[in-house]
Protein chains: 2
Amino acid sequence: MNKAKKKIFADFIADRGLKTTRQRDIILDAFLASDRHLSIEDLYLKLRTSHPNIGYATVYRTLKLFAESGIAREIQFGDGQTRYEHVEQGEHHDHLVCTGCGAIIEFENEAIEKLQDKVAASHDFLIQYHKLELYGLCPKCRK
Amino acid sequence: MNKAKKKIFADFIADRGLKTTRQRDIILDAFLASDRHLSIEDLYLKLRTSHPNIGYATVYRTLKLFAESGIAREIQFGDGQTRYEHVEQGEHHDHLVCTGCGAIIEFENEAIEKLQDKVAASHDFLIQYHKLELYGLCPKCRK
DNA sequence: ATAATTGCAAATTCTTTGCACGACA
DNA sequence: TGTCGTGCAAAGAATTTGCAATTAT
């Protein structure tokens, strides 16, 4: 599926008349090879070891492109760090966020989504996207 | 109920050995008299007209105290602005956020909360709080 | 060739902090 | 009187932007 994402991004780049660059390739590989919920700093530090001269700004700009192309999504857990997660087509999930260790667990729940639709409908509201996060303690941190 | 909140805050101040000040009174009044979802800047600007010499820092510090005392809660809608909302005891609600005009509509849904508890339980996760936001277009912005 | 991209540093934006002065208990 | 709070400006933290040099089409 990484191949598919690479294609999506390549097409996006082409459609927009943008350019394929060494940096974008490197950042894309690092992103695809990584954790599903990555802060910009995480990715930057990870890259830095093998590619010491990639700039912070380039990472920021490239991740924004990933989000625009649809292969990534920006998420915020309220700790002041923007994170990016991988987007799988047709899939949606929400998060359990551990306030102890910062672990992030994904879940999906069809029933909750249905109820959200109902709530929206009852307010005559057209949902574009949603965010559901349950904050608390993961099994380990509960001790 | 504003009276109740004032008492809660006064008690909090007393318990901590802090002091009642003119600024805290003014900011509390402005907060209680305002919209349920207020950014710090909104509140600061609102205050500025009647009390031009209240500092930004004081507003920040005071809102943090409100949150600690339990009469307010910090919320973030991902636009880089921290907002504070009023807390009613025993009440919990979630938000519909209009991406067109920024309107915020509150809702409560018992069934969704129950399902959240179930999800958490199935992951052996102890929920402390949660955040559910549905982003999209409000009736007006749908046209 | 031409236009986009990069890396750096400087600029922004939001929030926090240090400190001397003033106010509350 | 002693401690806490305030206002200001400076410091931080995260992110964005301007620009000259570089690179992809």
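Local features were required to have pLDDT of at least 70 and side-chain atom pairs pLDDT 80 or more, whereas totals for chains, interfaces and linings use all residues of the predicted model. Side-chain values use heavy atoms, with hydrogens and water left out, residues are numbered from 1 along each chain as its sequence is written, and chains are lettered from A and ligands numbered from 1 in the order in which they are written.

Chain A contains six helices and six strands, where helices (H or I, at least four residues) and strands (E, at least two) are DSSP runs numbered from the N terminus. Their order along the sequence of chain A is α-α-β-α-α-β-β-β-β-α-β-α. The C-alpha trace of chain A extends over about 45 × 40 × 25 Å along its principal axes. Over all chains, the structure holds 22 salt bridges, a salt bridge being a side-chain nitrogen of Lys or Arg within 4 Å of a carboxyl oxygen of Asp or Glu. One of them links Lys7(A) to Asp11(A), with the closest N and O atoms 2.8 Å apart. Both Lys7(A) and Asp11(A) belong to helix H1 (residues 2–15) of chain A, where they are four residues apart, about one turn of the helix.

Chain A is divided into domain 1 (2–86) and domain 2 (94–142), with bounds that come from an automatic or database domain assignment. The centres of domain 1 and domain 2 of chain A, taken over C-alpha atoms, are separated by 25 Å. Contact (heavy atoms within 4.5 Å) involves seven residues of domain 1 of chain A and seven residues of domain 2 of chain A. The buried area, defined as the accessible area (1.4 Å probe) that two parts lose on being put together, summed over both, is about 550 Å² between these domains of chain A, and carbon and sulfur atoms give 56% of it. On the domain 1 side, His37(A), Gln76(A) and Phe77(A) lose the most area to domain 2 of chain A, together 78% of what that side buries.

One salt bridge is found across the interface of domain 1 and domain 2 of chain A. Arg36(A) forms a salt bridge with Glu106(A), and their closest N and O atoms are 2.7 Å apart. Five residue pairs, both members at pLDDT 80 or more, are in polar contact across the domain interface of chain A. A polar contact is a pair of N or O atoms within 3.5 Å; within protein, one must be able to donate a hydrogen and the other to accept it, and residues adjacent in sequence count only if both atoms are side-chain atoms. Strand S2 (72–76) and strand S3 (82–86) of chain A are the elements that give two or more residues to the domain 1 side.

The contact between the chains takes 33 residues from chain B and 33 residues from chain A. About 3,200 Å² is buried between chain B and chain A, 66% of which is given by carbon and sulfur atoms. Phe125(B), Lys131(B) and Tyr135(B) supply 21% of the area that chain B buries against chain A, more than any other three residues. Two salt bridges are counted between chain B and chain A. Asp124(B) forms a salt bridge with Arg142(A), at 3.1 Å between the closest N and O atoms.

The elements of chain B that give two or more residues to the side touching chain A include strand S4 (94–98), helix H5 (110–122) and strand S6 (126–137). The largest share of that side, 12 residues, comes from S6(B). Strand S6 (residues 126–137) of chain A and S6(B) run antiparallel and are joined by 11 bridges; strands pair if DSSP finds at least two bridges between them. Gly136(A) has Ile127(B) as its bridge partner in S6(B), and Glu133(A) has Lys131(B). Within chain B, four bridges join S4(B) to S6(B), and these strands run parallel. His95(B) has Glu133(B) as its bridge partner in S6(B).
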